[in-house]
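Please keep the structure in view while reading.

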Amino acid sequence: MERNAVHTQQIRNLLTQPDAFSRENEADDALFYTRPRMVQHLDSTALETVAELIGALAVREHPDVLDLMASIDTHLPDSFEAGRVAGLGMNADELAANPKLDERVVHDLNATPTLPFPDNSFDIVLNTLSVQYLTHPVEIFREVNRVLRDGGLHLVIFSNRTFAPKAVTIWTQLTESERLELLRIYFADAGGFTQPDTFIVMGRPRPHGDKYESTGVPSDPVYAVYAEKGDPASHADRRHAPPVESEHPDHDEIERRKAEFVHTGKCPYCGEPMHLWAVTENPMTTWNHDFYVCINDECPYVVRGWRVMYEQGNPGLSYRLCFDPVSKTFSSLSVPSLSAIKSQIKDEVYEPEE
């Protein structure tokens, strides 16, 4: 059996456990959500990513949109021209505070796993940052399929944030990459959808002024799984997610810039000067001379590194580009945050050779 198939089967085995959809807090959801929570659950950079994704996947003109488990923000781009936007959520005050909704419905999907809408009512159904709270997810995905028009989009978005006491057990047991596979299983078991696609963005710099900016932790990651209703042959190629990584030159151009670095002193990936890193002051290394490091937090090299390390089984790490002035070679320096090693960075930049 292939590795991916084994991985999927392991998740399916967890789904058969009697407590798979239990929660730490089993109190009545209607009571829990009585108090409105007028807050955003992602930083502003991640919210922009969510809006960009929705805008890129909304291929129909003036689509009718259903926002499931809705709150104060439906995350539609400002330029988005919808036909009708309906919000279904648990708190009337939160729905009332959402300016993009034309229709507001208070409904508990865990108590009643049906959607109070006719068949073929919507072109897009969104579930943003809330799928982990569904205790009957496959039933809800089937309902989504029912209310979607043929070719309509079901887009499920999540991040690494959750309110653990109300998240179902299966969600808390899985890593973020495994949660992507769990959502693929939901789509497959519901039936009636095309093969799901995925979208991942991580490592973008946290916005200036954000309360966690000083930690060096990058912007909240954005994960999505999405599929269309109906026959994949008729419309599967119509939707394209936006690019997931910062633009950077191709391999040949990077190699050319590396070869010229001693004459430019500029990072081959972003063009910023590379700063002196006082390695000898770092007890975590055995190197006996200083290096030069690109410390631009928006450099495509470090931004892409978060995802590469994640896919290699090293979540929470990225790397920065280093240059050894002795051997005149480049290497990668693993970092757990954007602030790591910066206390050992000097104002001195690499001086190009004549």
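## The antiparallel sheet

Tyr292 has Phe323 in S10 as its bridge partner. Strand S9 (residues 291-293) and S10 run antiparallel and are joined by 2 bridges. Strands here are DSSP runs of E with at least two residues, helices are runs of H or I with at least four, and both are numbered from the N terminus. Two strands count as paired if DSSP finds at least two bridges between them. Strands of a sheet pair through backbone hydrogen bonds, either parallel or antiparallel.

S9 and S10 belong to an open sheet of 5 strands in the order S11-S10-S9-S8-S12, with antiparallel pairing. Strand S11 (329-335) and strand S12 (345-349) are at the edges with a single partner strand each, so one side of each has no neighbour in the sheet. On average, neighbouring strands of this sheet are turned by 40 degrees against each other, direction ignored. H11 lies across S10 and S11, at about 130 degrees to S10. Axes are lines fitted to C-alpha atoms, for helices over the stretch in contact, and angles between N-to-C directions run from 0 to 180 degrees. Contact means heavy atoms within 4.5 Å.

## Model and confidence

This is a predicted model, in which local features need pLDDT of at least 70 and side-chain atom pairs count only at pLDDT 80 or more, while totals for chains, interfaces and linings use all residues. Residues are numbered from 1 along each chain as its sequence is written, and side-chain values use heavy atoms, with hydrogens and water left out.

The average pLDDT (the predictor's confidence in each residue, from 0 to 100) is 88, and 91% of the residues score at least 70. Where pLDDT is low, the predicted coordinates should not be read in detail.

## The mixed sheet

Another open sheet has 7 strands in the order S3-S2-S1-S4-S5-S7-S6, with mixed pairing. Strand S3 (103-106) and S6 stand at its edges; each has a single partner strand, so one side of each lacks a neighbour in the sheet. From one strand to the next, the twist averages 15 degrees.

Strand S4 (residues 122-128) pairs with strand S5 (residues 148-158) in the parallel sense over 6 bridges. Ile124 has Leu153 in S5 as its bridge partner. H7 packs on this sheet and touches S5, S6 and strand S7 (222-228), its direction making about 15 degrees with that of S7.

## Pockets and cavity

The search uses a 1 Å grid over the protein atoms alone: a cavity is a set of points where a 1.4 Å probe fits but cannot get out, a pocket is an open set with protein on both sides within 12 Å along at least five of seven lines, and lining residues have an atom within 4 Å of a point. Grid points are joined across faces, edges and corners, and a volume is the space filled by probe spheres set on the points.

The largest pocket has a volume of about 880 Å³. Its lining has 33 residues, and Glu176, Ser177, Tyr223, Tyr310 and Glu311 are the closest to its centre. H7 gives the most to this lining, 6 residues.

The largest cavity has a volume of about 30 Å³. S10 supplies the largest share of its lining, 3 residues.
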